[in-house]
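Have the viewer open as you read.

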Amino acid sequence: MRKVVLIALVLLTGLLFSARLFYLQVYDASPDSLSENSAIKVMYDYPQRGYMFDRNGKLLVSNQPSYDVMVIPRDVKPLDTLEFCGLLKITKEEFKEILQKARTYSPRLPSVVLPQLNKADYASLSEKMYKYEGFYIQRRSLREYQVDHSANVMGYIAEVNNAIIEKNPYYQMGELIGTAGVEKEYEEVLRGIKGVKYIQKDRFNRDIGPYKEGIFDTLPQRGNDVQLTIDATLQKYGEELMIHKRGGIVAIEPDTGEILALITAPSYDPSLLVGRERSKNFTKLWYDTIGKPLYDRVLMGEYPPGSPFKTLIALIGLQENAVTTEDAFPCYRGFRYGNRTLGCHSHPSPLSMIGGIANSCNAYFCNVYKRIIDKYPTPQDGIDAWRNDLMSFGLGDFLGYDLPSGKKGNIPTSDYYNKVHKFPEHRWSSLATISNAIGQGEVLLTPMQMANFTAAIANRGYYYTPHIIKNIIGPDTIPKKFTEKHFTAVDEENFYPVVEGMHQVYQRGTAASIQVPGIEICGKTGTAENFTKIGGKRVQLTDHSIFVAFAPMDNPKIAIAVFVENGYWGSRWAGRIAGLMIEKYLKGEITRTDMEKYVLEGSLEAEYAKPYSGQPFSINH
Amino acid sequence: MAASKTYVRFDWLMIFIYIALVFMGWINIYSASLSDAAKGFFDFDQIYGKQMIWIGLSIVIIIFVLAIESKFYERFASVIYIISLVSLVGLFIFGKTIAGSTSWYDFGGVSIQPSEFVKATTALALAKYVSDIQTNMKDLKNQIGALIILALPAILIILQPDPGSALIYAAFVFPLYREGLHGVYLLLALFAVMLFVSTLAFGAVWVAIGVVILAGVLFFRNRKKRPNILKYVLIVIGCIAFAFSVSYIFNNVFKQHHRDRFNIVLGKEVDARGIGYNTNQSEIAISNGGWLGKGWTQGTQTKGNFVPEQHTDYIFSTVGEEWGFLGSMIVVLLFVALITRIIFKAEKQKSQFGRVYGYSVAAILFLHFFVNIGMVTGIFPTVGIPLPFFSYGGSALWGFTILLFIFVKLDGANYHYA
């Protein structure tokens, strides 16, 4: 016993140390990765974000340097808080809150204390930074906008949030990411790849040189520039035309599907979302729940298309052999079914297809629609066939364009009507869905979808998926899906009478007032009823003013959809704006200055104020 | 005799392990103390360069220690012991104070720490006392005699104050136990340590309550054997008195940095930037090593000097970071092998003097090994004592070298061939 006690203790100690070392070094070797090692500082070198150009090579957005004050909470030493807060121009309470937040996020990883200092603030602060251990200044590159338009197209960049960081380990707290528009859609193209430097620190947090002579370091790679399909001149002009109106304009080049202009109104100056005022401005835009400047109406707004939809009814009528161009239908100041009438305005009667389109006769299209549906043994089959034809124009689903927001719109299915009418206990007929004939009822389209089907008509039967990217400079490519033709379900020859009808609209029909000398436009007006809820009651508002058009009639260069909320009849606002846009794009100058003056000086603000006034109001005047 | 030659057979295994440990120690000191100012391996301005000088002088010391007739150590043990005590007393007059402890003589820039040598001299004195034909360790008078031999240097060292180094004198309980000291003393020492630790962890009042409850339960269970109630009461009072005096000493005699060192290990302090910093950084460095380590001079924590005192007391953390589990295990196994070899050899000694001395060497090395690596790996309180043969420092290296090689000499003397 006396001989073994010490030996036993020595051996036990050996075992104990082996177990402890195994635990520390093999089993629980947690601080393993370089970024978690307290002796290694990870420094990022942020590349320049890619520029954006318009289709003609005009610079839209470039970069400016910006400086963020960062903190690594673990490294913070007691400091003269009052002096530091004075330099940062924040209160002590704000400072404490920021620091607490940073600590909660991670004691080891950098968090932003104060974003986006300008050069003057940076200069005065950088001299004193050495006093504040744990804090440092990170240089980043911020956007510098060369134009005051296209905010909805370009989108914006914003600091990443925790959800993004969790999903995508590339991003660190305080880094910027495209959050809307092209910035979001082409984030990986534009951002480039950040460079990483690993720096060996000593225990006083001083740099003592690159870790392992920098063999793990990487160089930043600059982001690629992109050329957009936007025509800056047209875009700017469109935004000016839309001042004091709500709605939007989409212009597409039918030959390619390139988006020439994408205007939503009201909009904002993109520069508002850069710099230290950013969050203040953003909050202001975000909480404007009436004008909704951050809401892209042409991509997100789902509206009843109204009369422009009739062109599609005519095309499907011909394709389904439900009607010929010669078939004429009488109009009794409307379309009578059962004991009800779907009203119409006064025009010659009866009308065949071209006249029907030119005069936008509701009765004519109700008849055609009824024939389409009733051609099939059941209304269910009829609706589904009609719907399939419409979907070939890119309706009722996402179009697949390269902007990160959008809506499907709505083309109702037979299931939908079965449900509404409680089929099979109750049967329903084509007449139950007759509003579809004139683009009211359940049919909803985004202005983008309207422009796209107009482009398909301009091409007489096909379209390219609309897109905003003209070229990724460097690889000089665009995604392949934007170079593939999508054919509609309607044959080419069926387009000619409809195109002729749309030409008649412009020559002597509902849009005769917007004629531009020397340009043969094909168009279709729309006046769509719409409703809102005030105090829980359904209240009708002034009709939406809608116009779709393409020009020139032969070899079209532009297809356009204009949507003006509560603008009353189609040619009043939308038609004029479309005419001006087409002339601007094709001629580069405006001859219809009377029309331009009307639009530029006109305002619908009074109209928009009505539902919020709390007073009774009248509409459509 | 004149014609006869004396052959001495030294135990080459011990010498080999010694060389291996000293060499590996220097390799790690080099890495831990490497700086930009270094001008190659032989830069004697650098810490590793100085350690090279200390190692060189160790060889001189070894030759000297082995050359002396082995009987000399037994015969002059008392004299050597008294001279070494005088060197400790002398510190209070001529000593140099470093980091609050007056433990050093300054010889023109070279500091010598006598307490590193007194371990060996005390071992000699104890071996001589215990091996005396009249000494019997079962006899209370002799027990007190041995205690005085140990207590004199220990108290002088505590007064410096250097409680870490004084702690090492507890190691001598092992050779005494081996020579017949009652096992109760070993258990008593263990029980005292437990009382001591729980007093610091929970407070004297709770310990007193616990002791009373424990005694009550034991008394109740043994009531059929008619236990002596007076004995129980005395033991309980003794324990409570011990707990309160520990509490008093801790709060009133200890300095703040001593209190801190205990609080860390007891989990009372978790502030990684405060006093737990050393242990925490040391653990991080060791964890970084993984299976095979980061390679020589490649440790990030080592390079960044994150572990304070890394070339002295915390040298093992460099081994952990740069040589990994594999390297750490080699060091641990070398120590285990060396100590068990010494014990094995001690048992084979012909003289009781040799055996007691051998056991003392083993026990001292063991306690250093246990406390130091325990501290560096975070399972024992922070007590500033070096890792034998490994840590930087001339006094420590020479002290351990003399300690070990006197035993190598004594052991070798058993194999005299005439």
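The notes below start with the helix and then move to the chain contact.

Keep in mind that this is a predicted model. In chain A, helix α9 (residues 232-241) has seven of its ten residues buried, so the rest of the structure largely encloses it. Chains A and B also touch, with 31 residues from chain A and 36 residues from chain B taking part.

**How α9(A) is covered**
- The buried set in α9(A) is Ala232(A), Leu234(A), Gln235(A), Tyr237(A), Gly238(A), Glu239(A) and Leu241(A).
- The cover over these buried residues includes strands β3 (59-71), β11 (247-253) and β12 (258-265), along with helices α19 (571-587) and α20 (593-601), of chain A.

**α9(A) against α19(A)**
- These two helices, α9(A) and α19(A), pack at an angle of about 160°, and their axes are 10 Å apart.
- That angle makes the pair roughly antiparallel, since the cut-off is over 145 degrees.
- The crossing of α9(A) past α19(A) is right-handed.
- On the α9(A) side, Leu234(A), Tyr237(A), Gly238(A) and Leu241(A) do the touching, and they meet Ile577(A), Leu580(A), Met581(A), Lys584(A) and Tyr585(A) of α19(A).
- Sorted by class, the residues of this contact come out as seven nonpolar, one polar and one charged.

**Chain B's side of the contact with chain A**
- Elements of chain B giving two or more residues to this side are α8 (173-178), α13 (277-289), α14 (300-303), α15 (315-347) and α16 (352-376).
- The largest share, twelve residues, belongs to α15(B).
- This side of chain B has 19 nonpolar, 13 polar and four charged residues.

Definitions and conventions:
Residues are numbered from 1 along each chain as its sequence is written. Chains are lettered from A and ligands numbered from 1 in the order in which they are written. This is a predicted model: local features need pLDDT of at least 70, side-chain atom pairs count only at pLDDT 80 or more; totals for chains, interfaces and linings use all residues. Two residues are in contact if their C-beta atoms, placed from the backbone, lie within 7 Å. Helices (H or I, at least four residues) and strands (E, at least two) are DSSP runs, numbered from the N terminus. Ala, Val, Leu, Ile, Met, Phe, Trp, Tyr, Cys and Pro count as nonpolar, Asp, Glu, Lys and Arg as charged, and the others, Gly among them, as polar. A residue is buried if 20 or more other C-beta atoms lie within 10 Å of its own, exposed if 12 or fewer, and partly exposed in between; C-beta atoms are placed from the backbone. Axes are lines fitted to C-alpha atoms, for helices over the stretch in contact, and angles run from 0 to 180 degrees between N-to-C directions. Angles under 35 degrees count as roughly parallel, over 145 as roughly antiparallel, 65 to 115 as roughly perpendicular and the rest as oblique. A crossing is left-handed if the near helix is turned anticlockwise from the far one by less than a right angle, and right-handed if clockwise.
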